[in-house]
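User: Hi! I have a model open on my screen and would like to walk through its geometry with you. Could you take my questions one by one?

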Amino acid sequence: MAAPRLAVTVILTRDPDSTEIYLVERNPKLRFFGGYYAFPGGTLDHDDGSVEIQNCDKVAQESVAYLVAAAREIFEETGILLTRGEQPVATKHLRAYRVDLLAGRVTFQKILEKENHHLDARDFHYVDTLLTPEFAPVRYDTQFYWASLPEGQMPEIIPGELVDGGFFTAEAALAKWQRGEMAIVPPVVFILQEMVDKSLRDGIPEVRATAESYRDGAIHEIYFTPGVLMLPLKTRPLPPAEYTNAYLVGEKQLYLIDPGPSNPREQDRLWRFLNKRQAEGRDLVAILLTHHHPDHIGAVSECRERFGLPVYAHRETARQLAGVQVDRLLGHGDVLELGASPDGQSGWQLNVYHTPGHASGHLAFQENRYGSVIAGDMISTLSSVIIAPPGGHMATYMQSLAFLESVTTATLYPSHGPAVSDGGNILRHFIRHRQEREQKLLSALTQTPQSISELVRRVYDDVSPEIWPLAEKSLEAGLIKLIEDGRCRRLADGFISECESR
Ligand SMILES: [Zn+2]
């Protein structure tokens, strides 16, 4: 696992005695959180440590590079200059400096020197540090600061990586988020929730307490959309995934999907988390299973006992589960009641879809308020999903992918890797990917019989050989599909093309 990247975030306000904060909207075209709102900020530059800051206490002294990065990033992204000097910098100069800084023609330090301005540590109020949980492919170690908008300045977004920005109270931003009108990155959702009815001046002690509990091993509360809480838990490793996402869907009535860890320590983190939810007055209704694979069910029996929860799964999953009792069978078209949605709408429901292929009893779920899809192992945002015969069946899997694509218009939550806001797009990507792989397999087949391990070298020449043993399974599933289509034949010593003209 690569070392986390150091980053800083600035919570800008016009009134520190309120919950008002400035949020920027990321360009919808960005791959990473496109269209989401976030606090301004970014990663540290190597020369951020060389700028001098006045009035540093001992704590600030250790964070100089963060403070400089905070000042530089907020200037780059919003045009706000958090510096002090005899004379304010003329507005027309500010704009020119910013353009030059963004283009790399001047350093932040040079701007300060030219204007005889300096940074003062007292302008940056430390909130806390958050580390992206381990499940994410790229992790950030982010320091959060709040700062007051200097008199006479107003943030201005230059369209590019960001497209818009605005001041919101925490309450107003969360209300928009709950109505599905505003996407907000998970750490900001967390901070806004902790800020409600407080003020920045208090230093948001709740953020500190929760950040401290994360450092002690508590599960992060990760909301990409309202009503779906993502819980990445360490499970039996299936490279490259070492984590399986459990999900809690609902607001007051909660369904727990795929409690996967078999390790008692990791299970204990989950019990503590569920206990906390219950203590908040929420009810656990049932455990739902996407399918029977070991990294999805490791904690099911223990959880069923401990919390007295019934287990719901597809008939095929129930049949293949050893030692786990299933209390209710679910099928395609079933609907589970969720109660009132996070914004208080009635008629909130969870739709059940049978999506076989990766496993014969595989289920996906979709809640009907925001359209979020919990996709299980239909796709992974870390790698391509293994289709392993005899349980896995490629033609069936392709049909299920096409079905899921037809209903997915919003966020898609996989079992492995982060959520994606444009779920339909990523499903189309994986459908294309499978079709291309099938074409490659078809062209690798000749009139000379080849074994699976011979074929995998040619068809998967674009992936690391470490993956080949796993890829062999999907390749076999691909061969079975071609045999069913009449385009391949299995002989005693290997597979040949069924097309005469080759
Ligand atoms: Zn699986």
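This is a predicted model: local features need pLDDT of at least 70, side-chain atom pairs count only at pLDDT 80 or more; totals for chains, interfaces and linings use all residues.

User: In which sense do β7 and strand β8 (residues 140-148) pair, and over how many bridges?

Analyst: Residues are numbered from 1 along each chain as its sequence is written. Helices (H or I, at least four residues) and strands (E, at least two) are DSSP runs, numbered from the N terminus, and two strands pair if DSSP finds at least two bridges between them. Tyr126 stands opposite Tyr145 in β8, and β7 pairs with β8 in the antiparallel sense over 6 bridges.

User: Which strands stand at the edges of the open sheet, and why is one side of each left without a neighbour?

Analyst: The sheet is open and has 4 strands in the order β4-β1-β8-β7, with mixed pairing. Each edge strand has a single partner strand, so one side of it is left without a neighbour in the sheet. Those edge strands are β4 (41-43) and β7 (125-131).

User: What angle does the direction of helix α2 (residues 64-78) make with that of β1?

Analyst: Neighbouring strands of this sheet are turned by 20° against each other on average, direction ignored. Helix α2 packs on the sheet, touching β1 (5-13), β4 and β8. Contact requires C-beta atoms, placed from the backbone, to lie within 7 Å, while axes are lines fitted to C-alpha atoms, for helices over the stretch in contact, and angles run from 0 to 180 degrees between N-to-C directions. On that basis, the angle between α2 and β1 is about 60°.

User: How many residues does the contact take from domain 1 and from domain 2?

Analyst: The domain assignment gives domain 1 (5-214), domain 2 (222-438) and domain 3 (445-497); such bounds come from an automatic or database domain assignment. Between domain 1 and domain 2, the C-alpha centres lie 35 Å apart. Their contact takes 14 residues from domain 1 and 12 residues from domain 2.

User: Which elements give two or more residues to the side of domain 1 that touches domain 2?

Analyst: By class, that side of domain 1 has 8 nonpolar, 4 polar and 2 charged residues. Here Ala, Val, Leu, Ile, Met, Phe, Trp, Tyr, Cys and Pro count as nonpolar, Asp, Glu, Lys and Arg as charged, and the others, Gly among them, as polar. The elements giving two or more residues are α5 (170-178) and α6.

User: Is Asp197 buried or exposed?

Analyst: Asp197 sits in the loop between α6 (186-195) and α7 (205-215), and its phi is positive, near 65°, in a residue other than glycine. A residue is buried if 20 or more other C-beta atoms lie within 10 Å of its own, exposed if 12 or fewer, and partly exposed in between, with C-beta atoms placed from the backbone. Asp197 has 7 C-beta neighbours inside 10 Å, so it counts as exposed.

User: And is Asp258 buried or exposed?

Analyst: Asp258 also has a positive phi, about 55°, although it is not a glycine. Its place is in the loop between β13 (253-257) and α8 (264-279). With 27 other C-beta atoms within 10 Å, Asp258 is buried.

User: How far apart in space are Thr355 and Phe365, C-alpha to C-alpha?

Analyst: Thr355 lies in the loop between β18 and β19, two strands that pair in the antiparallel sense over 5 bridges. In that pairing, Val352 stands opposite Phe365 in β19. Thr355 is buried, with 27 C-beta neighbours inside 10 Å. In sequence Thr355 and Phe365 are 10 residues apart, and in space the distance is 9.8 Å.

User: Where does Gly357 lie, and how far is it in space from Gln399?

Analyst: Gly357 lies in the loop between β18 and β19 and is buried, with 23 other C-beta atoms within 10 Å. Leaving aside neighbours within four places in sequence, its contacts include His362, Ile387 and Ser400. Gly357 and Gln399 are 42 residues apart in sequence, yet their C-alpha to C-alpha distance is 8.2 Å.

User: What is the omega of the peptide bond from Pro389 to Pro390?

Analyst: Pro390 lies in the loop between β20 (373-376) and α12 (394-407). The bond from Pro389 to Pro390 is cis, with omega near 5°.

Key:
Two residues are in contact if their C-beta atoms, placed from the backbone, lie within 7 Å.
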